[in-house]
Amino acid sequence: SYGMVEMNAPEMTAIVDISLQNLEDSGFDLAAEVQGEGELQFAVAEGLEVVSGTGVDQCEGILVNADIATDTSSGIGGGSATDLTTGDAVLQLSYNLKAGYAKNGTWVMNRKTLGKIRMLKDGLGQYIWQPGLQFGLPNAIDGAPYADMPDMPDVAAGAFPIAFGDFMRGYSLLDRIAMTLLRDPFTQAGNGAIRFWMRRRIGGRVTLAEAIRKLEIA
């Protein structure tokens with residue numbers, strides 16, 4: 001079925017004041033440094049929102065959307081309710097996803113969880129993490145690539161440390177306005193400073209929940 005989906009694109013803003021003397025005497029391009037740091041911090045905020053944003057004046061997080069199906073770690077292959085001790089629950093997460101999405105699926109987790117994944121083995125004693133032995137092929141978990149998302153939670157009771165899905169189909173990201181920088185020489189002129197205004201508009205939300213699944217350490 002098809003329908004209309006409303007996506008908001010709220011603003012991210014940042015203000016930095018730098019003295020004229022600093023700008024004049026710096027041994028490097030301080031204005032470019034401010035702009036680069038602004039772009040970096042906006043990207044950090046975007047990554048956090050895509051994982052756990054409320055959807056109100058920010059992106060909707062994949063762990064917040066109630067329509068994304070959840071698998072649990074406990075009761076599958078002797079899995080624990082407080083830790084990730086078996087690869088069975090991880091593998092089942094991918095096989096519970098519809099085939100049309102799974103073939104384009106990507107794992108997302110943070111580096112601590114990836115460290116646990118790399119030590120997990122399947123029923124034949126083989127590691128489920130697979131190095132990309134052929135040039136140009138990424139490392140994989142059960143044949144599917146993974147992405148390091150530092151804002152995904154650590155493995156703990158009640159947490160959702162792993163998600164798997166076709167995020168190109170399941171999640172829509174709206175870059176309404178790329179970061180702009182306004183150099184304001186007037187507002188702080190009396191203090192001998194230049195004010196840099198940085199602004200970006202971005203929105204995001206889950207638009208096809210069935211394309212993504214998440215794993216709960218339940």
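How many salt bridges does a search of the whole structure find? The search finds eight, where a salt bridge is a side-chain nitrogen of Lys or Arg within 4 Å of a carboxyl oxygen of Asp or Glu. Before I go through some of them, please keep in mind that this is a predicted model, in which local features need pLDDT of at least 70 and side-chain atom pairs count only at pLDDT 80 or more, while totals for chains, interfaces and linings use all residues. Residues are numbered from 1 along each chain as its sequence is written, and side-chain values use heavy atoms, with hydrogens and water left out.

Let me begin with Arg199 and Glu11, whose side chains meet in a salt bridge at 2.7 Å, N to O. Arg199 lies in strand β9 (residues 193–206) and Glu11 in strand β1 (residues 11–19), so this pair ties together parts that are 188 residues apart in sequence. Helices (H or I, at least four residues) and strands (E, at least two) are DSSP runs here, numbered from the N terminus. Arg199 is partly exposed, with a relative accessible area of 31%, and Glu11 is also partly exposed, at 46%. For these words, buried means under 20% relative accessible area, exposed means over 50%, and partly exposed is in between, with a 1.4 Å probe and protein chains only.

The next pair is Arg200 and Glu46, which meet in a salt bridge at 3.0 Å, N to O. Here Arg200 lies in strand β9 and Glu46 in helix α2 (residues 30–52), so the pair ties together parts that are 154 residues apart in sequence. Arg200 is buried, with a relative accessible area of 11%, and Glu46 counts as buried at 14%.

Glu210 is partly exposed, at 39% relative accessibility. Salt bridges that share partners also join Glu46, Asp175 and Arg200 into one network.

Now to the nonpolar interior. In soluble globular proteins, nonpolar side chains tend to be buried together. A nonpolar core is a set of buried Ala, Val, Leu, Ile, Met, Phe, Trp, Tyr and Cys residues joined through side-chain atoms within 4.5 Å. The largest such core has 38 residues, and those that touch the most other members are Ile62, Leu84, Val90, Trp107, Ile117 and Ile162. The elements that give two or more residues to this core are α2, α3, β3 (106–109), α5 (111–117), β7 (162–165) and β10, and the largest share, four residues, comes from α3.

Which residues of α3 are buried? They are Ala89, Val90, Leu91, Leu93 and Ser94, and they pack against β2, α4, β3, α5, β7 and β10. Taking contact as heavy atoms within 4.5 Å, and leaving aside neighbours within four places in sequence, Ile162 is in contact with residues including Leu84, Val90, Leu93, Trp107 and Ile117.

The count of aromatic pairs comes to one. The rings of Trp107 and Phe164 have their centres 4.4 Å apart and their planes at 45°, so the pair is tilted. By the rule used, rings of Phe, Tyr and Trp (its six-membered ring) pair if their centres lie within 6.5 Å, and planes under 30 degrees apart count as stacked, over 60 as edge-to-face and the rest as tilted. Trp107 is in strand β3 and Phe164 in strand β7, 57 residues apart, and both are buried.

Finally, two backbone points. Most residues other than glycine have a negative phi. Asp57, however, has a positive phi, near 60°; Asp57 lies in the loop between α2 and β2 (69–72) and counts as exposed, at 66% relative accessibility. The phi of Asp142 is likewise positive, near 55°, and this residue is found in the loop between β5 (140–141) and β6 (144–148), where Asp142 is partly exposed, with a relative accessible area of 28%.
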